Every structure is written in C-alpha cells, then in structure tokens.
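Please examine the sequence and the three-dimensional structure shown below. The report that accompanies them is written for reading alongside the displayed coordinates.

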Amino acid sequence: MENETNIPENLPLLPVKDIVIFPSMVIPLFVGRASSVAAVDQALSGDRMVFFVTQKDSSVEEPRKEDLYTLGTVGQILRMLKQPNGEVKILIQGMSRAYLNAMERRDNGSIIAKVELIQKKMTKKDSTVAQAQMRSVKEQILRLVGMGKSVPPEFVELLESLNDPERLSDIISSNMGVSLEEAQALLEMLNPFERLKKISEYFNRELSIMEVQQKITSNAKGEIDKVQRDYFLREQLKAIRKELGEEDSYGSELEELAAKIDEAGMPEDVHAEAHKQLKRLSNLSDDSAEGSVIRTYLDWLLDLPWSKSSKESLNIKKASKILDEDHYGMEEVKERILDFLALRKLKKDLKSPILCLVGPPGVGKTSLGRSVARALNREFVRMSFGGMRDEAEIRGHRRTYIGAMPGKIIQSLKTAGANNPVMMLDEIDKLGADFRGDPASALLEVLDPVQNNSFTDHYLGVPFDLSHILFITTANYLDPIPSPLRDRMEIIRLAGYTEEEKLAIVKKYIIPRQVEESGLTDENITFEDEAIKLIISGYTRESGLRRLEQVVGTVCRKIGRAIVEKKGKSFNITAKNLSKYLGARDFQDEDELKTNEVGIVTGLAWTPVGGEVLFVECTKFQGKGGFIQTGMMGDVMKESTRAALTYVRSIAPKYGVDDKEFSEFDIHIHIPAGAIPKDGPSAGITMATAIMSVVTGRAVKKDLAMTGEITITGKVLPIGGLKEKLFAAKRLGVKTVIIPQKNAQEVKKMPKSITKSLKIIPVSMFDEVLEIALI
C-alpha cells in the first residue's frame with residue numbers, strides 16, 4: 001500500500017454508482033463506461049491510484065462535477081481482469097479521504113480529478129473513553145450476530161483485532177448496509193469518534209427492531225406442533241399478502257406446476273429433479289431473479305415430450321405409395337426406409353437408423369426428409385448446421401446465467417411435441433469449430449445409437465432418450481465430415497437425375513406446382529416434351545432440379561403476364577418458341593467427335609453439379625524431349641499425366657515406337673476450356689491413350705469415352721462419380737465407355753435408362769484400353 005504522503009494532487013477520476021468507497025475497504029468493481037475504463041488504464045500505467053467519488057443520481061451516464069459528491073476516497077487498484085464483453089473487473093482498496101476540487105477530461109477519454117487530501121488528525125480523547133466506545137460498538141455487533149443478523153464470520157474476526165478508531169469506524173461503515181445518503185454522511189464525518197457514535201446509534205436502532213421481531217416470533221410459536229406451525233405460517237403469509245393487496249397466485253401456480261410434473265410422464269430421475277427444483281422455487285420470493293431461472297427451467301422440462309410419441313404407421317404399401325408420390329427415383333433411400341418399417345413390425349423396440357444423404361445441391365435431400373416423415377406418420381423437424389461453430393448450439397448452455405437455453409436438439413423436440421420425430425440435420429458437412437468448441441464432436445453422442453438413449457443437454461442436466469428419433473443428415477461432400485462422425489451414419493449417395501428422369505419429374509411435379517403458384521390453369525399453358533428437353537439441356541446444367549424449377553417458373557410468369565395483357569388465353573410451349581420466353585440458351589452441347597482422329601480422346605470427369613466431358617488433345621513437334629501440360633490442370637492431374645507418359649514410354653517398343661519419338665520430339669498435352677480448373681487422377685488412361693495415339697500415329701475411335709486412374713505399371717485403378725460420368729457420356733451420344741474393372745459392380749446398381757444405350761467395358765490393364773480404343 002502506498003504511503004498517504006505520496007498521493008499526487010491529480011488522479012484519474014472513477015465515478016461510482018449506488019456505493020460509497022471508504023478507506024481500508026477492499027471491494028471488487030465492474031467498470032463499463034469508456035471514461036472509467038480509460039481511467040483504470042491510466043492508473044495501471046502509473047501508480048495504480050484512482051479517485052473514487054459517488055454519483056448523486058445513478059442514472060446519469062456522463063456525470064459533471066455538480067452530479068458528484070464533493071468528498072470521495074483515493075484508492076489503489078490491486079488486481080484487474082478484462083471481461084469478454086469489454087468491461088473491466090478491478091479489485092480496489094480505499095486509502096484516504098479527499099475533496100474533489102476540479103475535474104478535467106483528457107484526449108484519451110479519461111477524467112482527471114484535482115483532489116485535496118484530508119490528512120488524518122489525531123483527535124485527543126481520553127484513552128479510557130475511546131476504548132469504551134470501541135468496545136461498545138463491537139459488543140453491539142456481537143449481539144446483532146447472536147440475534148440472527150447476517151454478518152460474514154471473517155468480518156467479526158477482523159473487528160476483534162482492530163484497536164485503531166479511524167480504521168475500525170471505516171471498516172464498520174463499509175459493512176453496515178445503510179442507505180447511500182447515510183453512507184456518504186458517515187464518509188464526510190472526519191472525526192472517527194463522531195462516526196463511532198453515529199454507528200452506535202444505528203446499531204441501537206437495529207437491536208430494538210430485532211428484539212421486537214424476536215418477541216413476535218416467540219409469541220407466534222407457542223406450543224404449536226410442526227404441522228400446526230406450518231399451517232399457521234402459511235395462513236399468516238396469506239393474510240399478509242391480502243393486507244398488501246396481493247393475490248395468492250404464486251401458491252396456486254406452484255400447485256399447478258406440481259400437478260403438471262406428476263402428469264408429464266417423466267423418468268424417475270427427471271421427476272425427482274423437477275420436484276427438487278420446485279421445492280427450491282417455493283422457498284424463493286416470486287419476484288427473485290433465481291426464481292425466474294428455475295421457473296423457466298421447469299417450463300422446459302414440462303414442455304418436452306418425455307412419453308409422448310407419434311402413432312407410427314407401419315403400412316409398407318401405404319409408405320411406398322407416399323414416397324413414390326413425392327419423389328421420382330431415389331430407390332436406395334426408399335428401400336432403406338421400407339426395410340426399417342418391415343423390421344419395426346417384427347421388433348417394436350428397434351433402434352432408428354441414422355442416415356446421411358450425400359449429393360449435389362438440388363437433388364431433393366431435404367424434401368425427402370419430409371416425405372419420410374409423412375410416410376411414417378411422424379412429426380418432422382429440420383435444423384441447419386451450415387456455419388455452426390458453437391458446441392453449445394448442440395449441447396445447450398449451462399444454467400449459470402439468465403438467458404441460458406437448451407441446444408437445438410432439445411429445442412427441436414419441444415417444437416415437434418413427440419419423442420420420435422424425423423429430425424433432419426441439414427448441411428452437416430459445413431460445421432465449423434472455434435474457441436467455443438467443436439459442434440462435430442458434440443454430435444458424436446447425438447448420432448451414436450449406443451449412447452444417444454441418455455443424451456444430457458447442459459441446460460437440462462438430466463438425460464433424454466434420443467434413440468426413438470429417426471435422424472437424417474444431408475451433405476454435399478463427405479470429405480469435410482470427421483471420420484468418427486461419418487462412421488456413425490449410413491451413407492446413401494444421391495448422384496443426380498438423368499435427362500429421362502428430369503423429364504418425368506418436370507411433367508409430374510414441377511410444371512403442376514409452378515402453374516399453380518403462378519395462378520394459371522392447365523388450359524392456359526402446355527409444354528411439349530421437346531421444349532422440356534431443351535430447357536434441361538440448354539438452360540440448366542446441374543445434377544439437381546433447383547435451376548430447372550426456376551426456369552419453368554420463369555416461363556409460367558411470362559405466360560401469366562401475356563394473359564393479363566390479353567395477348568391470348570392458351571399457350572403451347574415448343575422447342576421453337578422457347579427462346580421467346582427465355583432468350584438464347586445458356587449452355588451449348590459439346591459436339592461429339594465427327595471423325596476418328598489421332599491424339600484426341602474423349603474423357604469423363606466429375607464435378608459438384610454432375611458429370612462433364614473432357615476432350616484431351618495431344619500433339620508432338622520437333623524438340624528435345626520436353627513435355628508440356630496446359631489447360632489449368634491441378635497438381636494431382638499433372639502427376640497422373642506424368643505417370644501416363646512414364647508407362648507409355650516403357651511399353652513403346654512393344655508397339656513399334658522408336659525411343660527417338662520421345663527424345664527428339666516435344667509432347668504437348670492440353671485440355672480445352674483452359675480457364676476452368678481441373679484436377680483428379682481419373683483422367684490417367686485418357687492421357688495415356690492420347691500420348692500413345694500421337695507416338696504411334698493411330699487414330700482413336702470417335703464414339704468412345706473412358707475414365708480410370710493409371711499407375712506406372714499399367715494397372716487401371718477405380719474412380720469415383722461413375723454414375724455422373726455415365727450421364728455425361730450418354731448426353732454426348734457416346735456409344736462405348738471404358739471403365740476400371742473394380743467399378744463394374746456399380747454398373748449393376750444403376751438405372752437401366754443409363755446403361756441400356758451404352759456399351760460399358762471394364763478393364764484392369766492399360767493394354768486392354770489400347771486394344772479397344774486405337775484403330
């Protein structure tokens with residue numbers, strides 16, 4: 001502690017509300033005002049001293065000199081802690097009284113006070129009288145404690161060791177709990193014996209009140225036993241409330257809560273916890289902050305469907321019909337749901353599956369969840385996890401502050417009103433993580449069939465059984481999902497729709513929906529199949545249906561406007577007049593190769609919006625054995641191309657190719673559309689075929705496409721996205737497609753509408769590719 005003689009004349013000013021700081025007083029303060037924070041910062045950069053003075057009106061945010069009392073306390077900052085919300089928590093100790101003579105605002109936002117220190121003057125008084133006065137005050141405090149006055153034990157111990165009237169009077173003044181005006185009056189009493197006299201008067205008044213209170217309590221007790229006493233006290237409380245004009249709604253509310261708890265069908269441990277919290281609530285005032293928190297907690301417990309379930313429909317035929325009505329195709333998902341229904345008939349306590357639908361945007365993942373709920377006759381709730389970074393969004397916030405809430409899982413169950421809904425967790429591949437935790441890790445318990453029967457939300461603090469919920473998650477990609485979370489889910493891939501499927505979906509679902517939304521009727525507008533096909537191929541290029549629905553909606557709106565402008569009442573949309581409503585087509589089809597050419601090979605690629613065709617071009621020219629790669633290739637594709645060149649050089653003599661073709665010529669391999677990035681190893685055999693075609697001079701068949709990764713030993717390795725790639729080949733009009741042998745099983749699962757017009761040849765070695773591709 002600094003010596004009082006070292007206190008400077010100018011100090012940072014910190015106005016305080018609703019409290020008076022006394023010398024020797026140690027107390028924590030929360031500092032929020034910018035000027036006050038600046039004052040703290042300035043003090044910490046120097047001698048850590050601040051001048052504390054109390055505001056006359058606590059509602060004034062920027063007090064002037066006339067808004068403050070003239071006498072305050074110089075204090076020293078012992079500790080400082082910055083809060084996340086920008087506030088500062090400081091621990092201070094009062095040092096000495098001082099007058100506020102002037103105040104000046106500095107550029108840094110702080111206020112500097114010019115203070116006049118009040119030096120302690122030793123007041124002459126008979127030592128025997130002084131000791132008697134101090135002992136009297138101490139005895140009064142001990143009597144108050146004995147009569148039930150709430151005083152910290154450490155405060156009583158401290159008083160026993162104090163023999164300085166100055167410090168004793170200040171310590172007691174700071175702990176008396178008097179009004180702000182009375183506390184300020186005590187601070188302004190400079191004579192410690194006058195302060196002790198005033199304190200003694202206050203304690204005498206308190207002792208008189210407590211003696212009367214004890215007398216009333218003693219008279220009320222009498223000889224009443226415990227049951228009669230409880231009844232008597234309740235009746236007294238009712239009488240007091242009646243005298244105050246307050247209705248006894250609080251008691252009836254507690255009785256109503258108790259009845260609701262008993263009727264909620266909670267598990268035993270939850271029921272016990274609810275009654276425990278209700279008992280705590282009954283001991284609190286109805287307007288206390290803690291009572292509000294407990295009441296909100298009980299409301300959450302009562303609103304949750306502990307034993308309420310939707311009556312599930314186990315009619316497999318009806319479920320199959322509903323799924324077919326709402327969605328075209330998607331056989332794998334439909335089969336999985338129907339399998340689950342069949343097993344539920346055999347075993348009533350069967351755990352619900354946890355499905356993960358993976359596919360590009362717009363293929364119907366989210367809408368499929370609604371259809372599943374309708375087919376099962378369950379409630380449906382959906383939550384989006386895109387961009388979620390806070391673990392508390394899943395597990396809930398702990399009940400340590402007002403405003404805490406359960407996590408989204410529990411909130412969704414409250415919304416559903418049943419403990420067995422279909423719960424869709426959208427965009428699970430877009431979860432984030434930061435200093436607030438990792439939501440993906442929190443989901444491990446939610447999506448684990450073994451653990452989720454006792455999921456404990458941080459807010460509730462009691463387990464809830466999630467095993468009856470049918471979880472369906474959606475994702476565009478699997479890679480961002482952590483492997484422990486991925487292992488807990490059944491992965492079902494939704495690759496997209498063929499042109500034939502899109503045609504059927506547009507006719508059956510999209511056109512009727514858009515016609516209705518546009519206020520038209522079937523008599524106002526009709527679409528020919530060729531027009532729909534042109535919309536699919538010329539105005540949209542996606543695996544899903546979102547853009548397709550938007551384009552059909554555009555046509556319907558144009559027709560609606562034409563009808564309002566009285567340009568006609570019935571319109572037929574054909575391939576010829578489609579551009580009148582949509583303008584020039586957005587996409588041109590890739591032209592298939594017209595002739596068998598040397599060095600040009602048709603490859604197949606996967607993109608997030610479906611399959612694409614790549615024409616790989618290769619040529620050679622006089623040089624020094626260089627190898628050039630262009631066309632915005634990624635690192636993986638470049639490595640695959642180098643592997644292809646290595647293997648082609650190793651087998652070149654077998655096909656009659658002189659090594660001079662590689663040492664005296666440069667080879668240039670290029671993929672058109674050079675502004676579009678391309679990557680992946682699946683073009684390996686395509687690159688190798690193009691190089692071999694150039695060095696042998698043999699042409700490649702024009703109606704053939706291929707996909708597969710190549711090794712430097714000539715093996716053809718499996719690839720991904722085969723369904724999308726076959727879509728692209730079919731769209732181009734390719735007749736033959738070469739694929740890796742290990743992908744052959746996938747072909748059997750694909751719709752016949754894809755495979756029936758394609759000749760698909762599996763290969764395991766690159767030599768087989770050359771036999772098929774080269775003429």
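**Basis and confidence**

This is a predicted model, in which local features need pLDDT of at least 70 and side-chain atom pairs count only at pLDDT 80 or more, while totals for chains, interfaces and linings use all residues. Residues are numbered from 1 along each chain as its sequence is written, and side-chain values use heavy atoms, with hydrogens and water left out.

The pLDDT, which is the predictor's confidence in each residue on a scale from 0 to 100, averages 85 over the protein chain. A score of at least 70 is reached by 93% of the residues. Helices (H or I, at least four residues) and strands (E, at least two) are DSSP runs numbered from the N terminus. Confidence is lowest in helix 7 (residues 226-243), with a mean of 70, and highest in strand 23 (residues 736-740), at 95. Where pLDDT is low, the predicted coordinates should not be read in detail.

**Aromatic pairs and charges over rings**

Rings of Phe, Tyr and Trp (its six-membered ring) pair if their centres lie within 6.5 Å; planes under 30 degrees apart count as stacked, over 60 as edge-to-face and the rest as tilted.

| Aromatic pair | Centre to centre | Angle between planes |
|---|---|---|
| Tyr-202 and Phe-203 | 5.8 Å | 55° |
| Trp-306 and Phe-464 | 4.8 Å | 45° |

Burial is expressed as relative accessible area: buried means under 20%, exposed over 50% and partly exposed in between (1.4 Å probe, protein chains only). Tyr-202 is buried at 11%, and Phe-203 is buried at 6%. Trp-306 and Phe-464 are both buried as well. Trp-306 lies in the loop between helix 10 (289-303) and helix 11 (316-326), whereas Phe-464 belongs to strand 11 (residues 463-464), so this pair ties together parts that are 158 residues apart in sequence.

A charge sits over a ring if NZ of Lys or CZ of Arg is within 6 Å of the ring centre and within 35 degrees of the ring normal. The charged end of Arg-399 is placed in this way over the ring of Tyr-297, 3.8 Å from its centre. Likewise, the charged end of Lys-620 sits over the ring of Phe-665, at 4.9 Å from its centre.

**Nonpolar cores**

A nonpolar core is a set of buried Ala, Val, Leu, Ile, Met, Phe, Trp, Tyr and Cys residues joined through side-chain atoms within 4.5 Å. The largest has 55 residues, and Val-372, Ile-525, Phe-527 and Ile-573 have the most contacts inside it. Contact means heavy atoms within 4.5 Å. Beyond residues up to four places away in sequence, Phe-527 touches Ile-511, Ile-532, Ile-535, Val-552, Val-555, Asn-572 and Ile-573. A second, separate core of 53 residues includes Tyr-297, Leu-304, Leu-443 and Ile-481.

Which residues of helix 3 (residues 153-161) are buried? They are Phe-155, Val-156 and Leu-159. These residues cover an arc of only 100° around the axis, which puts them on the same side of helix 3; the arc is that of the directions from the helix axis to the C-beta atoms. The face turned away from this buried side carries the exposed residues Pro-153, Glu-154, Glu-157 and Ser-161. The cover over the buried residues of helix 3 includes helix 2 and helix 4 (165-173).

Lys-138 is located in helix 2 (residues 127-146) and is buried, with a relative accessible area of 14%. Not counting residues up to four places away in sequence, Lys-138 touches Leu-159, Glu-160, Leu-162, Asn-163 and Leu-168.

In helix 16 (residues 439-446), 6 of the 8 residues are buried, so this helix is largely enclosed by the rest of the structure. The buried residues are Pro-439, Ala-440, Ala-442, Leu-443, Glu-445 and Val-446. Among the elements that cover them are helix 14 (392-395), helix 15 (408-416) and strand 12 (470-475).

**Further residues**

Ile-669 lies in strand 19 (residues 665-670) and is buried, with a relative accessible area of 0%. Leaving aside neighbours within four places in sequence, the contacts of Ile-669 include Val-616, Cys-618, Phe-627, Met-633 and Ile-691.

Glu-391 is found in the loop between strand 8 (380-384) and helix 14, and is partly exposed at 25% relative accessible area. Glu-391 and Gly-432 are 41 residues apart in sequence and 9.7 Å apart in space, C-alpha to C-alpha.
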